[in-house]
Amino acid sequence: MKKLLAVCNYTLRENIRGKIFYIIMLFALVVIASSFLFSKISGEMESRVIVDVGLGVIELFAFLMAIFGAVRLILQEIENKTIYLILSRPIKRYIYILGRYIGMLVIVLVNILIMFGGLLLLLVSKGYGFQLIYLEAIGLIFCKIIIITAIGLLISLVSTSAITSITATFFIWLLGHFSHEIKFLSDKLTNVFAKGAVKIAYYIIPHFEYFNLKDYINVPVSVYTLNMLWVIAYCIVYSGIIMSLSILLFRRREF
Amino acid sequence: MKNFFLLFIIVVLVVLLINIQQNIEKSFNYPFKPVTTLQIKEATFVNFWGVLLGLRRLSADLAWIDVLQYYGTHFEEDEHEDGKHHHEGHRHIQWGEYKELLSHCQVVIRLDPYFKYAYLYGAGALAFNHERFDQAIELLEEGVANNPEYWRFHLYLGAIVARQKGEYQKVIPLLEQVVFAPETPMMLRSILAQIYEKQGNYHKARLVWEYILSTATEEHYIKRAKSHLEKLNNI
């Protein structure tokens with residue numbers, strides 16, 4: 001546990017020293033503030049536009065932080081050869097990879113909370129109240145980040161290029177939001193093999209639509225009925241599988 | 001040995017995941033139609049990427065801003081100070097035809113079928129400003145189909161049908177039931193206030209204009225409410 005915390009701490013310090021996160025966060029805050037301009041041209045839908053732009057920007061920038069961070073976590077260490085220094089110490093590989101992953105998640109969570117604070121400040125300054133569903137939406141955005149960071153990490157262990165890893169992670173992000181379409185496609189297919197393949201793909205890809213509460217704000221609950229406990233369990237188990245695969249791969253990897 | 005244990009854990013987690021997924025899907029219905037079935041006349045690059053990135057509401061908002069840019073916000077006809085003739089409830093159309101207004105609104109409501117304000121605004125503009133009742137009804141019927149629990153759509157439908165038949169006395173009680181609802185566009189409130197004025201029901205007109213003045217965020221509505229209230233005070 002102590003070692004895990006030490007690796008987490010190391011990841012946090014590394015990211016705090018790096019400039020990329022500050023730049024992304026600053027840019028995100030500027031974009032959230034610019035939702036004020038969008039709201040000005042949206043007529044009576046001011047509060048809706050501020051919330052939608054705000055939550056959308058938070059998710060998008062948290063995703064960018066997560067994929068760039070996750071891909072850099074191990075690949076950069078290998079490129080800089082600093083990984084030898086760490087692994088030569090009495091630290092188990094699974095501790096190292098879990099520590100890096102958790103540290104990365106903590107830094108993205110802090111950024112999400114800062115951005116959310118910015119959004120709330122904007123809403124309050126415009127005289128709009130806080131709704132619990134905003135916080136729930138943020139929580140589920142973070143669940144998506146937990147999954148995509150694990151996927152980014154796994155891909156970076158398989159791939160040797162950061163660009164390939166980022167591109168592949170990005171496509172999984174898109175596919176995850178498209179899982180409903182995949183189900184729809186599988187229902188339409190008549191070929192048994194194709195149907196089976198699409199069905200398997202449907203179970204393999206992450207179902208980000210479960211976490212897309214920010215899109216369901218005005219949808220009557222009777223239409224989509226989201227059981228939060230099951231959805232959180234899905235996030236934990238899915239990322240658990242991906243992280244287990246990452247540990248498996250990292251153990252077998254020779255440096 | 002360690003790796004076999006890890007593989008075993010992965011297999012257990014996969015079984016658990018399938019179970020969890022099936023439990024979620026027992027109650028969860030994805031509330032939007034598949035993108036491939038969306039009938040959008042002119043889907044833009046922004047709409048496409050918005051949906052792909054899981055930002056449907058935001059795409060609908062951008063499409064909504066597009067509607068406002070197309071239709072403008074200062075579209076409403078005010079009093080005919082140029083002396084043109086108009087009779088009760090009949091609004092002389094001085095602005096463009098905005099032939100694409102329906103299809104612009106359809107982009108918004110097909111991206112976000114629960115965007116009630118877009119239905120109300122679009123239908124109100126089509127029916128009361130442009131007298132394109134069939135298009136207004138088409139839009140509202142889609143709203144009813146997508147939001148069966150939202151009873152106010154039925155009242156709007158009733159008001160539009162009554163307006164189409166020229167039965168102005170029936171329009172008023174229907175609009176009265178929805179005028180103070182939070183989703184009601186200011187445009188419809190000001191239409192009702194003007195109908196009251198034309199009927200000589202100044203007390204009710206004043207109530208509606210006062211409500212507009214206290215709730216409107218857009219400058220032109222505030223100005224209009226002030227000017228109407230000033231005129232009503234002089235009567």
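Me: A salt bridge counts here when a side-chain nitrogen of Lys or Arg lies within 4 Å of a carboxyl oxygen of Asp or Glu. Which residue meets B:Arg57 in a salt bridge?

Reply: Ground rules first: this is a predicted model, where local features need pLDDT of at least 70, side-chain atom pairs count only at pLDDT 80 or more, and totals for chains, interfaces and linings use all residues. Residues are numbered from 1 along each chain as its sequence is written, chains are lettered from A and ligands numbered from 1 in the order written, and side-chain values use heavy atoms, with hydrogens and water left out. Between chain B and chain A the count is 4 salt bridges. With N to O at 2.8 Å, the partner of B:Arg57 is A:Asp52.

Me: How much area is buried between chain B and chain A?

Reply: Contact (heavy atoms within 4.5 Å) takes in 55 residues from chain B and 53 from chain A. Buried area is the accessible area (1.4 Å probe) that the two parts lose on being put together, summed over both. Carbon and sulfur atoms give 67% of a total of about 5000 Å².

Me: Which helix of chain B gives the largest share of the side that touches chain A?

Reply: The interface has 13 residue pairs in polar contact, both residues at pLDDT 80 or more; that means N or O atoms within 3.5 Å, one able to donate a hydrogen and the other to accept it, with sequence neighbours counted only if both atoms are side-chain atoms. Helices are DSSP runs (H or I, at least four residues) numbered from the N terminus, and helices 1 (2-27), 2 (45-52), 3 (56-71), 5 (116-129) and 9 (186-199) of chain B each supply at least two residues to this side. With 17 residues, the largest share comes from helix 1.

Me: What is the volume of the largest cavity?

Reply: On a 1 Å grid over the protein atoms alone, a cavity is a set of points where a 1.4 Å probe fits but cannot get out, and lining residues have an atom within 4 Å of a point. Points join across faces, edges and corners, and volume is the space filled by probe spheres set on them. The whole structure has 5 cavities of 30 Å³ or more. Of the 13 residues lining the largest one, those closest to its centre are A:His177, B:Tyr30, B:Val51, B:Gly54 and B:Arg56, and its volume is about 100 Å³.

Technical notes. On a 1 Å grid over the protein atoms alone, a cavity is a set of points where a 1.4 Å probe fits but cannot get out, and a pocket is an open set with protein on both sides within 12 Å along at least five of seven lines; lining residues have an atom within 4 Å of a point.
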